[in-house]
Each structure stands twice: as structure tokens, then as C-alpha cells.
Amino acid sequence: MKEIELIKRDCQYKILSLYKKANAGHIGSSLSCLDLLVYIFFKKFQDGDKVILSKGHAALALYVVLSKAGFFPESELETFYQDGTFLAAHPPCGNKLNGVIFGTGSLGHGLSLSTGLAFSNKFTKKKSNIYCIISEGDCNEGSTWEAALFAGQHKLSNLVVLMDNNGLQGFGESEGVINLNPIVEKWKSFNFDVSTAENGNDFKSIEQSFVLLNPNSEKPKIIIARTTKGSGVSFMENKMEWHYLPMSDEQYHIAINEIPA
Amino acid sequence: MRREFSKTIEKIAIEKQELIFLTGDLGFMALENIKEAIGERFVNAGVSEQNIVSMAAAMASEGLLPVCYSIAPFIVFRPAEQIRLDVCLHNLNVKIVGNGGGYGYGIMGATHHAIEDIAVLTSFQNMKCFIPISNEDVEGTINAMFQHVGPSYLRLGFGVLPEGVSLPEFRHTRKLYIGRDITVIGMGPVLLNIFKLVGKPNSTFTADVFVISEMPVPILSEEIKHSIKKTGHVLIIEEHVKRGGLGEHLASHILENNLQCTFNQLYAKGYPNGRYGSQSYHQSLNGLDANNIELAINQILHG
């Protein structure tokens, strides 16, 4: 776990510095799902696997992890938010960046795309897995539940969904906007094998949640990861505004110093 | 056209083992032959057009050849964003098939009509729309659609080619009749109404008749240019709204080519009296039936 912790710290540092350089928001969203992305790419990912970030607004977390995992050169990160970049605020369409199979950013597409990939892999008898990271906002969209019904019906056991369940969405607390609870029972009723990571910003907890999945189940899988928006930066944690705000110089200084050396 | 469609798809699906047929829970008494012929490659994904289109994009990205089938408005408007983002912006080889283009579903009402589909889809990047004119044209049109690798839409309707009219092999623009007074250009089976007028013993005019079967039409064909120069009058006939329809597409070509002509359009106006009926009723109400076409042409030619 030590190595993966170091990877995470490096990614946190890059996320903060690149958002600062770009004077851009979505910092809290990227920090919320960073641990899930790091865990998938450095602990689970096998040749042929595919990852879809349905919550495309956390694109920078995906970019830094992909770069760290060798999908494209680190120098490419420096173009983030610049005119002429492939690294826009949301992942680009049209296979422009190695590791980004589909452009996302409009919520509710990722699970359908992942379900299509999982169906294709089953049909062509490929052994690989499809990982899909969704948000609570994704679960407000009807298309997400259309895909869930299909995945359950067709027993797409090669589909692994990770729900970044941080309790906040675009303009309020999720329970007050569209209450998804009981979320575990909901996914179970859609014929998913469900597991929970009590702390989705802790690798041991994420690992334990994978262990709790039934390896022999024919069902698609979902891990409900209880995460913290803005995880790792005290003044951002559980604050909706860090979905949007860029950092001031002072805030950046504080944030960077909170990342363990 | 459903019968011709299902026969052709069955043939193609047997040849192309990568073809996956996705239906939004439709096809009773129409698609059973495909289901029978291709087994597990026939997927009834339920009434879930958004999911169907995104899944199809993913399947195409994996080298499969997905065909998404439903009633035209359901498979175009509900998943319009999925078509725009997941299919078109990724330039993926997904075939969208809409049955009942225009007022094809008649008395079923506005929910089942598609009179804005071409406008929506031709505005998306990389999308090509294929529109057969008659039942006899379906196989050739589908074959052309499968030769095109990229986002495609097939607009099915219903129409029987009148006796004496011969249909050239599929091209985006085909000349169906030779005349001298006016250039009539149409899209889809509604154009067949012109053949109730031209070539009849008591007809008061003759017309060059062209059908456009691919939208956006890539270029103005030389034959159409010659015809417009000869007649000086253009009449567009389409079972589609004016905005973003055949007329507007052709108007820009005609302007770009500096062709001098009167430009006249018969098109779907929607539901002008709020009432519903058969496809013929809607055509008549919107000035697209033979009587109204004749009136329009006489007005253009004789004032």
C-alpha cells in the first residue's frame, strides 16, 4: 500500500498545481474520486480492461492517473485547459487521448457506454473487465437506470461500477436534491452484486470492498464508495462550492502543504 | 418498407457476423425473421432508446456493427444527445433505423410522427441520412448505408413505385422523370404524389423530377443544375418541416451555384388544425397531396 499512497500523493499534488495554473474549478470532484481511479489503474487494471469516467467533470483526476500509469507522457498534462489541448475540462471525444475511450461530461452516458463495452466483451469472449466511475448526479439520470436494468438482465459480470458517493451534487446535498437511498438496496434490486467501501478515500477500505464482492456471481458489480468531496484538503472537504471554485494563491499554498510529503 | 427492411437486414446479418440488432421492444409481425436468423445477435433491449444508442456506440468502438431500431421519433429525439455525443462526435459506425418517417404513423398521432428528424440529425457531425423513396428502393438504400462507414440514419416509410416509373441504382440524387416546365425535387415517398400528375393525358405541365436519397446532399448534381437553368423554376416536396429540411439544404447549394430560379416549397407544417388522421390526411392538410401539388405548380407557372 505504501507505493500506491505515494502515487496518490503525487497525483494530488499534480491535481492541485494544474487546477491552480488553469485557475479552474472541479477540484473537489477530482479529489473525491482520485483514490478510486488510482486503485483501479494500479491495483486492478489488466491488459484489455477499460475505464470510463462517467463523471467527466473530474477529468483532471483521470488525466493525472492515466499519465502516471504511462498512457501518455506527463508533459501532456501541462497543456491542461490551454488553447489547442486535448486535455479539456472534460475528457475529449474521438479517441484523441490514449486511455480515454469516450468523451464524457454530460451525466448519464457512462454506464450505458460501459454496458455496451461489457456486452461486446462477453459477445467476443474477451476476458477483460470494464470499470465505470459514476456520481450521484449520474444516478439522477434515467439512462443510468436503463443501463443498470440491461446489465442485470444480461448478467454482465465483467462490468464493475464504482459509485463516488460523496453526498454532494451540483447544487445541494444529494439527500435533499434527489434522495438515492436506500442506495445499496436500490442497486441490489437492479440485480447487481453490491459492496460498500466505508471510506472510498482509503485504499484498505476500497480493497476490502472488492474482497466482499462475490467472485462467482454472474451479476454485474457495484462498489458504493463513501467518499469525501475535496478529500485531503481540509477547507474543501464536504463543501459543495469546491465543485466550482478555483483556488486563490493563499488557498493553494494551504492545500499543497496539507499533502503529506 | 418494414418487410423489405427486415429481409435485407437478415441477408446482411448472415453475411456480417459482427452485426448486432438492437430493438427498443418493437418489431412484432415485422422482425421475427431477423430474430430467427441471428439468434443471440438480436437483442431486445427494452424501451430504452438512450441506453440502446450509447451501448451501440460502445459496441461499434469494439468493432461490432450495431443497428438500433425503433419508431422514428423514439430513436431520434429521445436519445438525440446520445447520438450527438457518443455516436457522431466519435464518428462511430452505428446504424440508426427509424420506422415511420414523416406522418407515416398517421392516426397514431404526433408522438409517433417524425417531421423534424432530418433537421436534427443532419446538424450532427459525421451523420448521413438515407431515405428510400419506395419499398422497391429499400434494399439498395440499405446496401448504400452499409457501404458508408460512420454514423447513419435510415428513414423508413411506405410507398409503392407507380407503374412506368423506373428507379435508377442508389445515388444521392436520381432523376426519375424528364420534363421541361419545372424542376421538382423531393425526399422520401411523398414525392411519389407527383406521379399522379406528370405523364397523365390531361396534365397541364411536364416536370423534371429528382429524388434526393442522402442528406445532407453532398453536392448539387450537374443534372439538377442543367434542369434549373432550363426550367427556371424549382419546387421542393418533403414530408418534413421547412427548417433544416431538404429545401433549406438545396437552397444553399442553389445560391452557392448562382442559379437563377423561382424557389418554391411544399413541406410539413405540423398540425395546423390540431386534428389527426391518416398519413394521406396529413399530407393533404399540409399541401403535399397531388391536388395541392398541382395547384402549386400551376400557380408557379401561370401566376
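This briefing describes a helix and a loop residue of chain A and a surface patch of chain B. The model is predicted: local features need pLDDT of at least 70, side-chain atom pairs count only at pLDDT 80 or more, and totals for chains, interfaces and linings use all residues. Residues are numbered from 1 along each chain as its sequence is written.

**Helix α8 of chain A**
- In α8(A) (residues 203-211), A:Phe203, A:Ser205, A:Ile206, A:Ser209 and A:Phe210 are buried, that is, under 20% relative accessible area with a 1.4 Å probe and protein chains only.
- These residues lie on the same side of α8(A) because they cover an arc of only 165 degrees around the axis, taken from the directions from the helix axis to the C-beta atoms.
- A:Lys204 and A:Val211, on the face turned away from the buried side, are exposed (over 50% relative accessible area).
- The cover over the buried residues includes α1 (2-22), α2 (27-44), β2 (130-135) and β7 (221-226) of chain A.
- At the N-terminal end, A:Asp202 caps α8(A), with a side-chain oxygen 3.2 Å from the backbone nitrogen of A:Lys204.

**Loop residue A:Gly170**
- A:Gly170 is in the loop between β4 (168-169) and β5 (172-173) of chain A.
- A:Gly170 counts as partly exposed because its relative accessibility is 28%, between the two cut-offs of 20% and 50%.
- The C-alpha atoms of A:Gly170 and A:Met240 are 7.4 Å apart, although the residues are 70 apart in sequence.

**Surface patch of chain B**
- B:Ile107, B:Met108 and B:Tyr276 form a nonpolar surface patch with about 340 Å² of accessible area together.
- B:Tyr276 is in the loop between β12 (262-266) and α10 (279-285) of chain B.

How values were computed:
Chains lettered and ligands numbered in written order. Heavy atoms only, no water. Patch = residues over 30% accessible without salt bridge, like charges linked within 9 Å, V, L, I, M, F, W, Y side chains within 5 Å. Areas by Shrake-Rupley, 256 points an atom, 1.4 Å probe, with all protein chains shown as cover. Salt bridge = Lys/Arg side-chain N within 4 Å of Asp/Glu carboxyl O. Helix = DSSP H or I, 4+ residues; strand = E, 2+ residues; numbered from the N terminus. Contact = heavy atoms within 4.5 Å. Polar contact = N/O pair within 3.5 Å; in protein donor to acceptor, adjacent residues only side chain to side chain.
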